[in-house]
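Reader: I would like to work through how a few features are read from a model. Please start with the ground rules.

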Amino acid sequence: AQMCEKHSLLQFRRIGAMLYKRAKKWSKSVELSKKDKVWDEAIDTAAESGDCAIAEELLHFFVEQKLNACFAATLYTCYPLLRPDVVMELSWRNGLNDF
């Protein structure tokens, strides 16, 4: 996975992210997917991890990058993992209540 992570081709880096995911190294897989801008894989990995912290960190990332559609997709996909107070605060502070 480490060799694939540093490869110049996107598909090999995606394989690296998949290998990290299978090894249950969720954070590493999400970071690699974020770096390559493969948002759907990052969201799916966060949901599969079952870790509240990873899902919330991904939400913060999407808000910082102004990726509103990805924010909404993360809310839908990671719904059981997200705390309502965190979601409400993020959406209110960044004007995403009407999105």
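Predicted model: local features only at pLDDT ≥ 70, side-chain atom pairs only at ≥ 80, totals over all residues.

Author: Residues are numbered from 1 along each chain, and side-chain values use heavy atoms, without hydrogens or water.

Reader: Which residues touch the most other members of the largest nonpolar core?

Author: A nonpolar core is a set of buried Ala, Val, Leu, Ile, Met, Phe, Trp, Tyr and Cys residues joined through side-chain atoms within 4.5 Å. Buried means under 20% relative accessible area, exposed over 50%, partly exposed in between (1.4 Å probe, protein chains only). Here the core has 22 residues, and Leu58, Leu59, Phe62, Phe71, Cys78, Leu82 and Leu90 touch the most other members. Its largest share, seven residues, comes from H5; helices are DSSP runs (H or I, at least four residues), numbered from the N terminus.

Reader: How many disulfides are there?

Author: A disulfide is a pair of cysteine sulfur atoms within 2.5 Å. The count is zero, and the sulfur of cysteine 78 is 10 Å from the closest cysteine sulfur, in cysteine 52, too far for a bond. Cysteine 78 is buried at 0% relative accessibility, whereas cysteine 52 is partly exposed at 25%.

Reader: Which residues of H2 are buried?

Author: An α-helix has 3.6 residues a turn, so residues three or four places apart point the same way. In H2 the buried residues are Arg13, Gly16, Ala17 and Tyr20. They cover an arc of only 100 degrees around the axis, so they lie on the same side of H2; the arc is taken from the directions from the helix axis to the C-beta atoms.

Conventions:
Helix = DSSP H or I, 4+ residues; strand = E, 2+ residues; numbered from the N terminus.
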